[in-house]
Amino acid sequence: MKRPFLSLLLLLALPLAIPTELRAQFISNDQEKGTYQNYSGRNYENYSSVLLRRKFYDNFGNFLVDGVTVFGLSEEQRPANFQLLDIPISNLSKSRFYSSYFSNLVVLNDSYGGLSSRLMIGDAIRTKFTSLTLDKARFNGIRWDASTTKYRGSVVASRISDPVRMNPEIVLTSSQQVRRVREWTTYLLGGHFETDIGDILTVGATYVNQHQRRSSLDSKDISLRGVPANAVPRVIFVRVHDNSPGDNSGPLIFAPPQIHINGKVHPITNINGRSPDAQRVDIRFPIQYWAIKDFEPVYVGTYPQRDTVSQTDYVHYAARSGGTRIARYPVQVQSDRRDLDYNVTFAYVIPAGVNSVDFSVILSNDYKITAGHDWINNVDEYDTGGFRSHADSIVIGSLAVPTTFRTMVQAEGNVKDGSNKRVVFFSYGLVSGMAVYGMNFKLNWQGFNIEGEFVRSLEFLKYPIGQGAMFEDVGRGYYIRGTKKVGRLTLGGERYSINPRYSSMLNLYTMDNSYYGPLNTPIAPDFLGFDLTSSSSPISSLPGEYIPGQAGGAVYSLVDDNDDNDRWEDGFYHYNVRPQPDIRNGDVVNYNHRLGIPGFGDPFLLGYRQNTNELIGLGDIIRRPDAGIFPGKDLDRDGIPDDDRNSDGIPDYVQDFLTYYTDPPFFIYGDDWNNNGVIDDQENDILPDYSYNPDLDGYHLFASFEIIRSMNIKLGTIRERAFAQGGKNRNDYMRWTYEANTPRFGGMNLFYVMKRVEDNIPNNGYQFVNALTILSAAPDFVFDPLEYRNSVVNQLYLGTVYTQIPGLRIENNMKYEHNEQTAIGLARRDNRGILLNPDEQSDGRIIKMGIVNKIDYTFRFFNNKLALIPQLKVRTQKIVQREQAQIGNTVVEVNAVKTHIQEMMPIFRVDYRLTDRTDLRFGFQGFQIPGTGNSFNYQIKDLRFPERDENRTTFAVTLSNKSAYGGYNVVIDMGYKLTGRKFPRQPDPRLREKKESLIFVTIYAGF
């Protein structure tokens, strides 16, 4: 009896010994949900609604972290199995935690021994390798840096075709992540390495690649050369233009371009006015072609758009060619206007079975050849079941669009006499990728400071069929510059050459353009946020299946145009990217010369627009302190223009009272070595920020000698030529500078330049022609007036400040330029007065003068609590131009005053400190004294247009208080301003007088 009883006790005690096994014995699982809990003596923890964690493991099963997904990037590469919907994809995702927790930047770091390493993933990482290879203000991707005391290196990677740009000012709430699934993608991969050799030499090497990928191709078919869009050419267009239209240097075409098929010369036959013979659209027969004058692809709606009648119907091309009669060669392309794209286009009907196409054509003068094609098949091989014969004259459906046009060949220089007659040879294909690589160095040895860079660019192109021929476009560039100091003498020089074929830009035609959504919804290239409509799934977008409205041109630049060196690119190259620009922000590459405004985007041509993030109203300048493009005007680097002290987005020189302290850009002095009338430090061009402008070859030699302290004289010579656009810049100069300041007396600033100039290279760019306003923060695109084609120029700036008497300040500044122009050619003009040859000029003289005189004195009373400040400023601006103009057979002497404005501004200010925290200020800018008429008004006299004369009186009062509140320094500024304006010479009496008033209250908070 005892043994069974002991066994029963052991069985009953077993659950007490191993309670975890007890629950496994019961069918019920309610105990796993917990038991009664009383919260009277402990805190209650709410369910997690912010961080929904889960455990993550690597591919080998190792535990990584208990957390959330922040960023994900995966790139599959293999053939697709459509029957099982086993589809390879490129997948990029960013969660809301990436934006809200990490502010769009995740940083990981490590170190071992003397090696330091840092990995960054972000939307806007400032990244620069060298000026000619990689320089991005907002690199969006992955960057890894490592360094030792001697070696430094960086590696970058990004899916640039759709990197998901998260707006830091918008936090995701409704969606856990933004996910972009793509088949066609474009990647950036690159690295930079440098090392110190001793303590005198640093040597670096750079390689950066951008290429297009397609997930549904076998991995063996993908390399860093990329893959082109599989849009098989049906009709290839070869367009011959003038490289510099409007100068009557149109190219001479000596014969139709000869086509080479699969490496062999192929016969051709002209079919102008007719549709192709469908039975002869075969590689065994001659290639049929049309010759069309002034051909342009038809632009319809938002690009890209299918128009089967105008773009892909053979009848359309037949009709266009019917009006072109070329009786005999050579034929010259017309080139007397800039506003029309004169061209002769040869359109070749391409049969199946073609794996490579080359062209050869005999040309002379200033030519440019662009090429593109239309297509109806997006396949990898001709023998696929879905291939449609190129003999089809009409294609109905979505598979019918033209590609963008690419510049294939350009003439060197601007030849007009036919002396450069030659056979031009080029291959046809679509861009699949590009790469730049180079070496850079810096040497500091025994007074020598030398640096340089040597680079090479490769554009990879392929005839867009699986077995298509691949080839490369090669460009080169380099510069070397340095100085050597010997006592007071400094010798220096720079040698530079950027070949026009050198490019740091990937410019391709893609089947999945990330600038467009699935329903042809436009997405601007400078779009800040995320766009859920552009997210597509692998089911709705099967690899190999063309989505209407998604194909088009895409551009990715390695070097930004960022002249003001802030966090925003100044602008973008693009193919008609929407939303629609307005006139101030149109395409300035394809400028509308007929209307005198920027264009609105040709979908088949590369264009340029300013970045809307830079053009935001400057009223938001406090929230976005680096909005606006004003290079050279922010010397203190606070993101606010130096001539906008009150940060309201309006330059001080057009504002009451503040105009006493600043002056318009016309009165600024400095070096202008490219002779376009803009100080070099303030240039705002549309070019990548290379060390030197592209398409230039030249050198600069100089010697600078310090005569006495702060007085230097510099002699130099500049020789430049433009490869493709033609032109030269020959500049021999002498520059004399002196700057002296003493606290007791004042100061003097002298700047004098004399130069002999022959410069006909245009340097166009953006300038603030009119004053900035809150509503108009966009500069105008201004063409270089080329006023220094053949000139002797004297420029003088003299500024003096007198401060010897306490409280008194007298300042006088004068800027003077005398440009003596010597005639080039006959300078004949048409009836409108426009030069028939824009490269010519007549004898003439341009004189520019600006004078600023001002004086003020400060009377102080009651222990400096009260200050009375009378001020007087006179500002004069004048431009006079004299030239001889030949209109028809008549020579006319023209002596014109272009600008002559004089301003006199008497000001009286009273500053009174009521308390240590409160100030009362009031003043008069222009005032009325009985019996003196308008003598003490703020007078603006326009001596060229007297109807613009103005007499102005302004009264203003402000009260400001500074206090501390909640850990902040809080300032309230409130006041009232009343302005009376009279226009005594205004023809309409109703417009001769008006009053303006302003009441304001503003509160600022700071630290």
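Modeller: Two strands pair if DSSP finds at least two bridges between them, a strand being a DSSP run of E of at least two residues, numbered from the N terminus. The model is predicted, with local features requiring pLDDT of at least 70 and side-chain atom pairs pLDDT 80 or more, while totals for chains, interfaces and linings use all residues. Residues are numbered from 1 along each chain as its sequence is written, and side-chain values use heavy atoms, without hydrogens or water.

The part I take is strand β14, residues 258-261. β14 pairs in the antiparallel sense with strand β15 (residues 264-265) over two bridges, and also with strand β20 (residues 357-364), again antiparallel, over four bridges. Histidine 260 takes part in both pairings: valine 265 stands opposite this residue in β15, and aspartate 358 is the bridge partner in β20. Between β14 and β15 the hairpin has two residues, and asparagine 262 has a positive phi near 50° there.

The chain averages 84, with 83% of the residues scoring at least 70. Residues 300-310 are below 50, and this stretch has 39 contacts (heavy atoms within 4.5 Å) beyond near neighbours in sequence. Residues 532-546 also stay under 50, with 37 contacts beyond four places in sequence.

Notes. pLDDT is the predictor's confidence in each residue, from 0 to 100.
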